[in-house]
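Trainee: I am new to this structure. Could you take one part and walk me through it closely?

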Amino acid sequence: MKLLFEKSIPGRRSYYLAPCDVPEYTLPAPMQRQEALDLPELSETDVSRHYSALERLSFGVNQGFYPLGSCTMKYNPKINEKLAALSGFTEIHPLQPEHTVQGALRVLYEAERSLCEVTGMDAMTFQPAAGAHGELTGLMLIKRYHEARGDTPRRKIIVPDSAHGTNPATVSMCGMEVVNLSSGADGCVDLEALRQAVGPDTAGFMLTNPNTLGIFDPNIMRITEIVHEAGGLCYYDGANLNAVVGVVRPGDMGFDCVHLNLHKTFSTPHGGGGPGSGAVGCKARLEAYLPAPRVVMSEEGKLSLQQDCPESIGKVRSFYGNFLVVLRAFAYLTTLGQDGLPEVAKNAVLNANYLMKRLSERFTIVNQGFCMHEFVITMEREAKEKHVTAMDMAKALLDCGMHPPTMYFPLIVKEALMVEPTETEGKETLDEAAEIFLSLYDRAMAEPETMHEYPKETVIGRPDEVRAARHPNLRYRKAES
Amino acid sequence: MGHYLPSTDRQREEMLRALRIQSLEELYRDLPEGLVLSDGPKIPKGQGELGVLRKFSSMAAENRVFSSVFRGAGAYRHYIPAVVSSVVSKESFVTAYTPYQAEISQGVLQAIFEYQTMICALTGLDASNASVYDGATAAAEAVALCRDRKRSRALISAASNPQVIQVVNTYCWAAGYEIELIPERDGVTDLEVLETRLGPDVSCVYLEQLSYFGQMEDAKAASSLTHQAGAKFILGVNPIAAALLPSAAECGADIAVGEGQPLGIPLSFGGPYLGFMAATDALTRKLPGRMVGETVDANGNRAFVLTLQAREQHIRREKASSNICSNQALCATAAATYLAAMGPQGLREVAQQCYQKAHYFAEALATIPGLTLRHKGEFFHEFVTDLPGDAAKLLEALEAQGILGGLPLPDGGILWCVTEVNAREEMDTVVKLAREVCAS
């Protein structure tokens, strides 16, 4: 499809502004931009149709089943979009006087209270704009905690090898050192290895629980105890909270700090890769270090922004984070409530186990026993014997009206496909998906060579990613005339 | 309670039977004893959608929407063509995730590629990433990428938006980078001091065009000083003013960053917003975050993919320079739609009207006895006034008339902002009220 720039016609435009109603003032010419402004020249018809066409070339949760492991692609309730579009929320300036934004502060205040209850934490900040940003904020809290105690030799963070890549990358951004921890044969934390790894230089330990294999670590209480005994703090990566939300709380597992991906567990739409929100909760001993400002309530019930937080790590984003994302998540939480929230987790786990059971008829499943909200398939044997890889399977699924699972993650599993159906799919969707997976498997066994040709029905075939990386072309350039 | 669970009780029983268990609770039987909450977290029971609609409508009503806004300071009210909200409400844009599977994500990928191209056009630089969280984090990421073994000190202009300074400061504290503030003089960076602070250990200089006080910086001069010392020059850019002012490239910037909110994104109490980030060819591979590139598919047709991923955290893990993975794709799409709708002439007109109206307003205010414009330099759409009396009194008088006045500064001044949406009558009303307050 043509790019906007290729549709541009010199002189074409739309008119949106009212005529200027003040006398003319002109910026002196030498202070003006000399370089041409190469934006496309289009009518609104062109623009509107262009994006309608691009929409048809995109695939969201609304287009079909999206079992992208670790991403929790659940249905995004429409009421939340409606609430987030209320002018009382969209048309307020972040620096308005506090008495004129009591409703917005109430959203932040009550969302913090509720999510603290859900996670077993004492305080929370919504400044982080994404999960990785939350990790960074959480590790900064841990860093500041040790600094404040004068316990500066603590600069190592232990990270299991099953962790998302953001964990070790965050440790580096925080000026600390990663200690990689090999997982046990069951994919869980190896207690003995952990005991060896901790010491007087341990600042903290990051864990995703359930982990990226979809396994809830049965030794979780021992794990957090070992880290605490060594003087470290425990960080809960909330990427997989959907498995246990409303059922168990990270705070009760012994974690000191947690980030939530509100765009996963709390249903806010992913937007093609953002905006999300990586809210960070912490226990009381870390609260003083949270980014400023904090929303506080007076005895008369008036809400205000407390700017004076002398021990704070500082700000991690402007204003108060992705406010409208927090608002959607809080709307979702309020809709479901105490009774609805545990049903989310239970049905997510049920769906994952049911689909895992159906796929285990043919596929090799890494998980033993029940999984949590997701499970991992390995195509290692098929790749070796039939040269059919996880990539081939994923690309074949593209022609079947569903989004493929996450490929090649976690890194500790070869030829991995990570499947997370979420709770917002009915049994019949899981059955249909199972039939598709199983029939593709049969084809892979019978005619393995045909599996490299997919997808055939999509608007493009497999893209040449090597060429894209070797000769990066990151913007449109006008053809030389 | 409300819920979004499609399976019926009967379907659930069928699934449980297939798993040879009796209840959903059995799925958690391997969890340590005592951890499982017996009846959910201690939050109110589910209100259902109707209950939620009531609650949130009432909270929205507790906020005051001002019909007239003269406040900016990092968040700007501009006219947003209706086509922008129409585009960013499209379900497959809203409900898609990061376009990992290029074959079914060409729409999202092309939209981001077009966004990247437009950011390059605005800044004049060679490459843009797919966006980051906001303007402040974009600045912090830019400062981080300039650092190397020999150069570990960053110079940040004190004339920058204070929130940007604070975020840069937090990131640098965590990473162990040294930063030094270059003082402000007359509302802009003091270039004489800058010159004395530059040295072989300086990695970069960051300043903003426009300064926090709305003043135009001599960015070209700052850039040459910076380059003479072998450091990188990072320019924080207001994207509307960019249509009128010399581009970041014309100013000699190595990296341009900025808050993209003015490009079609509502004020929304501070977010979601959009951080844009562009750089010269030499620095392209150091840019953090996602990037979309053009390539071909198996049949030789044009195709778009996420590219240069070898830089990113999921491959490089602790060796990655940033942990960022998501961008603000939907906000970037809003910005691209806005720029496409406005076009080069439309955007220039927005910038010109901002400039003209701000100057009309500043001139009118300056006729009030005792009220002065604090800075003498050229400005765009923001400026600072000093009053004889209490700024709060004036702002309260304006508020009573439904007008959100400028931002009160800690030193008693007021930072005003005027954009194309402020009509002349609004400004005349403010001037009249200000005259009364100053006289009383």
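Mentor: Start with one pair of residues in a predicted model. B:Thr385 stands opposite B:Ile414, which lies in β17(B). Now widen the view to the two strands. β14(B) is joined to β17(B), residues 414-417, by four bridges. The two strands run antiparallel.

Step out again, to the sheet. It is open and has four strands of chain B, in the order β13-β14-β17-β16. The pairing is antiparallel. At the edges stand β13 (372-373) and β16 (407-408) of chain B. Each has a single partner strand, so one side of each is left without a neighbour in the sheet.

Where does this belong in chain B? The chain is divided into domain 1 (68-77 + 344-439) and domain 2 (82-337). The centres of the two domains of chain B, taken over C-alpha atoms, are 29 Å apart. Still, 23 residues of domain 1 of chain B are in contact with 19 residues of domain 2 of chain B. On the domain 1 side, two elements of chain B give two or more residues: α11 (329-366) and β14 (382-386). By type, the domain 1 side divides into 12 nonpolar, five polar and six charged residues.

The largest nonpolar core has 317 residues. Those with the most contacts inside it are A:Cys257, A:Val326, B:Val143, B:Ile234 and B:Ala335. Take B:Val143. Leaving aside neighbours within four places in sequence, B:Val143 is in contact with B:Ala154, B:Val168, B:Cys172, B:Cys204, B:Tyr206 and B:Ile234. B:Ile234 is also on the list of residues with the most contacts inside the core.

Now cross to the other chain. 163 residues of chain A are in contact with 169 residues of chain B. The largest share of chain A's side comes from helix α12 (residues 323-359) of chain A, with 21 residues. That side of chain A divides into 84 nonpolar, 49 polar and 30 charged residues.

One last stop in chain A: helix α14, residues 390-397. Seven of its eight residues are buried, so α14(A) is largely enclosed by the rest of the structure. The buried ones are A:Ala390, A:Asp392, A:Met393, A:Ala394, A:Lys395, A:Ala396 and A:Leu397. What covers them includes β12 (406-407), β13 (416-419) and α15 (427-446) of chain A.

Conventions: Residues numbered from 1 in each chain as written. Chains lettered and ligands numbered in written order. Predicted model: local features only at pLDDT ≥ 70, side-chain atom pairs only at ≥ 80, totals over all residues. Contact = placed C-beta atoms within 7 Å. Nonpolar A, V, L, I, M, F, W, Y, C, P; charged D, E, K, R; others polar. Domains from an automatic or database assignment. Core = buried A, V, L, I, M, F, W, Y, C linked by C-beta atoms within 7 Å. Buried ≥ 20, exposed ≤ 12 C-beta atoms within 10 Å, placed from the backbone. Pairing = 2+ DSSP bridges.
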